[in-house]
Amino acid sequence: MKQQITSPKLRQPNGHFSHATTIEARGKLVFISGMTARAADGSITGVGNIEAQTRQVCENLKAAAEAAGGSLKDICRVDVYVRNMEHFERIHKVRREYFEPPLPASTMVEITKMTSPDYLIEINAIAVIPD
């Protein structure tokens, strides 16, 4: 069972994530590659729109987790790469639509380039799918 960890010695997160996540190491580890706003038909969703791109990224994460036999609830950690850190609140607004407590641990960093100049966000993830 996944558990969200918080510490009174740490500032509470201002985004939609936990300080740490624990999980019993029984089950299947799934390492989900960086997902972008590319739809199944190859088009890029929401060019110039961080919320639309974040939704597509979350849908892609969901599809990958489901293909491995799990769900978004099984994701324990995400790494988020963004082109503009000013989008932080809008990204977390969308993440709240997809991730329920206990929340995955998370790191977000701003980067200068991605594989397409139209991408605003990319997220990779680690999930543990129970036996």
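The legends below describe close-up views of a predicted model. Local features need pLDDT of at least 70 and side-chain atom pairs count only at pLDDT 80 or more, while totals for chains, interfaces and linings use all residues. Residues are numbered from 1 along each chain as its sequence is written, and side-chain values use heavy atoms, with hydrogens and water left out.

**View 1. Confidence along the chain.** Mean pLDDT (the predictor's confidence in each residue, from 0 to 100) is 93 for the chain, and 98% of residues reach 70 or more. Helices (H or I, at least four residues) and strands (E, at least two) are DSSP runs, numbered from the N terminus.

**View 2. The largest nonpolar core.** This core (buried Ala, Val, Leu, Ile, Met, Phe, Trp, Tyr and Cys residues joined through side-chain atoms within 4.5 Å) has 28 residues, and Ile32, Leu61, Ile75, Phe99 and Ile121 have the most contacts inside it. Two or more residues each come from strand S3 (28-35), helix H1 (50-67), strand S4 (75-82), helix H2 (88-98) and strand S6 (121-129).

**View 3. Surroundings of Leu61.** Leaving out residues up to four places away in sequence, Leu61 touches Ile32, Met35, Leu72, Ile75, Phe99, Ile123 and Ala125. Contact means heavy atoms within 4.5 Å.

**View 4. Asn49 in the loop between S3 and H1.** Asn49 is partly exposed, with a relative accessible area of 35%; buried means under 20%, exposed over 50%, partly exposed in between (1.4 Å probe, protein chains only). The C-alpha atoms of Asn49 and Phe99 are separated by 20 Å.
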